[in-house]
Amino acid sequence: MAEIAATEVDGVAGISKKNIDLKGAIKSKNPFGGVKVENINGSIQISVYIKVEKNSNVKEVAEKVQENIKDKIQTMTNTAVTKVNVIIADIEFEKETEE
């Protein structure tokens, strides 16, 4: 749900894979996903790694992603989202072409 909510925002080119942490990769079942969701004391904290389109206002895009994820998750789950971390992991300068 968080991934879909993030990609709905104009300026987001997609979800990026988070930086590889070897210690975390050994412990985690899915160490390379771009969305991390934690349920802490009945509230949800989300971290999402996004790729933004070039010429986008990064601050504005990140704020809209935060708002959209929080709104969608709270509406769908009826659970408080206390924190949404948006990490700009990459900038897309050119669309990748399929050959």
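Reply: A polar contact is a pair of N or O atoms within 3.5 Å; within protein, one of them must be able to donate a hydrogen and the other to accept it, and residues adjacent in sequence count only if both atoms are side-chain atoms. By that rule, the side chain of Asn68 reaches the backbone oxygen of Ala5 at 2.6 Å. The side chain of Asn68 also makes a polar contact with the side chain of Glu8, at 3.1 Å.

This is a predicted model, in which local features need pLDDT of at least 70 and side-chain atom pairs count only at pLDDT 80 or more, while totals for chains, interfaces and linings use all residues. Residues are numbered from 1 along each chain as its sequence is written, and side-chain values use heavy atoms, with hydrogens and water left out.

Asn68 sits in helix α3, residues 58–77; helices (H or I, at least four residues) and strands (E, at least two) are DSSP runs, numbered from the N terminus. Leaving aside residues up to four places away in sequence, Asn68 touches Ala5, Glu8 and Val9, where contact means heavy atoms within 4.5 Å. Asn68 counts as buried because its relative accessibility is 17% (buried is under 20% relative accessible area, exposed over 50%, partly exposed in between, with a 1.4 Å probe and protein chains only).

Asn41 lies in the loop between β2 (35–40) and β3 (43–53), and is exposed, with a relative accessible area of 80%. The phi of Asn41 is positive, near 50°. Asn78, in the loop between α3 and β4 (81–92), is exposed at 73% and has a positive phi of about 55°. Most residues other than glycine have a negative phi.
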